[in-house]
Amino acid sequence: MVIHECPGFSAARMSQSGDICVMLAAEVIPDALQKHLGELQRIVGGCPPDRIHVTLQRFEVPDPAVEERLLELLYQDKTMLPPLEPFQVSADGFLPIHSDFRNLHLLKWRVPASPELARAYQWIDRVGIQAGAKPLYARQTGEAMVTAMLDILPEKHMELEQVQIPDTLFLGCRLVTSEI
């Protein structure tokens, strides 16, 4: 199913240098997803991202001490916050968008709200706030978007109507951070 909006998701502002993204990624990309990515590439062009992931949150960090505390809480101090449990990430539709930040057309999967995703959002927001970072994503419905393809041919997205999305995209089991 091709959708044209993800109403439950918004950002406080456009990405800026110094923002910290916290992502839930897979250790391994399943064969079914590899095959699916190949099919998407044949239809809409472009290329898959280097890392398939759900961005749980993007934080504004006011100074290096806050960034250091955020990373400490995420990766080391499991006594104060329990670790995030791995969970299956599934999608129910495609969302073609234009990224102003990247100046590219992207194809995203829409990940529907789930109890596991809600727990992940709550956990990461709690970690960030405890570290003194400002969460920049607001979520009204708990949905997520996962980038499937970069630099697609936007006029081809309607051809995706017949494409079957694998039951599970990946097992989200590894926290990854990235500075913009």
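Student: Which residue of E11 does Ile20 stand opposite?

Tutor: This is a predicted model: local features need pLDDT of at least 70, side-chain atom pairs count only at pLDDT 80 or more, and totals for chains, interfaces and linings use all residues. Residues are numbered from 1 along each chain as its sequence is written, and side-chain values use heavy atoms, leaving out hydrogens and water. Strands are DSSP runs (E, at least two residues; helices are H or I, at least four), numbered from the N terminus. Six bridges join E2 (residues 20-25) to E11 in an antiparallel run, and two strands pair if DSSP finds at least two bridges between them. Opposite Ile20 stands Glu179.

Student: In what order do the four strands of the open sheet lie?

Tutor: E3 is joined to E2 by six antiparallel bridges. Two antiparallel bridges join E3 to E7 (residues 134-135). The order is E7-E3-E2-E11.

Student: Which strands stand at the edges?

Tutor: The open sheet runs E7-E3-E2-E11. Each edge strand has a single partner strand, so one side of each is left without a neighbour in the sheet. They are E7 and E11 (174-179).

Student: How many of the eight residues of strand E3 are buried?

Tutor: Buried means under 20% relative accessible area, with exposed over 50% and partly exposed in between (1.4 Å probe, protein chains only). E3 spans residues 53-60 and is largely enclosed by the rest of the structure, because the buried count is seven.
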